[in-house]
Amino acid sequence: MSDCLFCKIAAGEIPSTCLYDDENVYAFRDINPQAPVHFLVIPKQHIDSVAAVSAENSAAVARCFEVIAKVAEQEGLENGYRVISNCGADGGQTVHHLHFHVLGGKPLGEKIL
Ligand code: AMP
Ligand code: ZN
């Protein structure tokens, strides 16, 4: 999608702090971290949100989760971490390209997730 922030980040057209990059998946630090470690994992293929995941594109989601595990280990999150994907208006999604927040580096507590 030509007007999508995360498509542009994945294509290297907008700078980001890359943590992982391959043909299908890109991971980078969130610009406004909500925990000592906070990165985003996105499929390079544009998918609007969790609501748009289907049998046709779900392999991209599986690949994202492989990368989540890999980068979490790279970032030293051996005590655990939280994965969040905001979906739609009520979910608080602000960037309409599927992304997984990975948060960790401290105990995150039991509330809202
Ligand atoms: P959401 O609210 O779930 O759609 O999350 C969007 C996330 O993207 C927020 O946590 C933002 O801080 C993050 N974000 C927005 N612009 C950038 C950027 N240029 N580089 C890195 N993270 C960004
Ligand atoms: Zn996109």
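Reader: Which residue in E5 does Arg82 stand opposite?

Author: Two strands pair if DSSP finds at least two bridges between them. In this predicted model, Arg82 stands opposite Leu103 in E5. Strand E4 (residues 81–84) and strand E5 (residues 100–104) are joined by 4 bridges and run antiparallel.

Reader: How are the values and numbers to be read?

Author: Residues are numbered from 1 along each chain as its sequence is written, and chains are lettered from A and ligands numbered from 1 in the order in which they are written. Local features need pLDDT of at least 70, side-chain atom pairs count only at pLDDT 80 or more, and totals for chains, interfaces and linings use all residues, while side-chain values use heavy atoms, with hydrogens and water left out.

Reader: Where is His97 found, and is His97 buried or exposed?

Author: His97 is in the loop between helix H3 (88–91) and E5. With a relative accessible area of 0%, His97 is buried.

Author: Gly91 lies in helix H3. Gly91 counts as partly exposed because its relative accessibility is 31%. From C-alpha to C-alpha, Gly91 and Val25 are 23 Å apart in space, and they are 66 residues apart in sequence.

Reader: How many helices and strands does the protein chain have?

Author: Helices (H or I, at least four residues) and strands (E, at least two) are DSSP runs, numbered from the N terminus. The protein chain has 3 helices and 5 strands, in the order α-β-β-β-α-β-α-β from the N terminus on.

Reader: What radius of gyration does the protein chain have?

Author: The radius of gyration is taken over C-alpha atoms, and the globule rule is 2.2 Å times the number of residues to the power 0.38. For 113 residues a compact globule would have a radius near 13 Å, and the 13 Å of the protein chain agrees. Buried residues make up 38% of the 113 residues.

How values were computed. Buried < 20%, exposed > 50% of the residue type's maximum accessible area, 1.4 Å probe, protein only.
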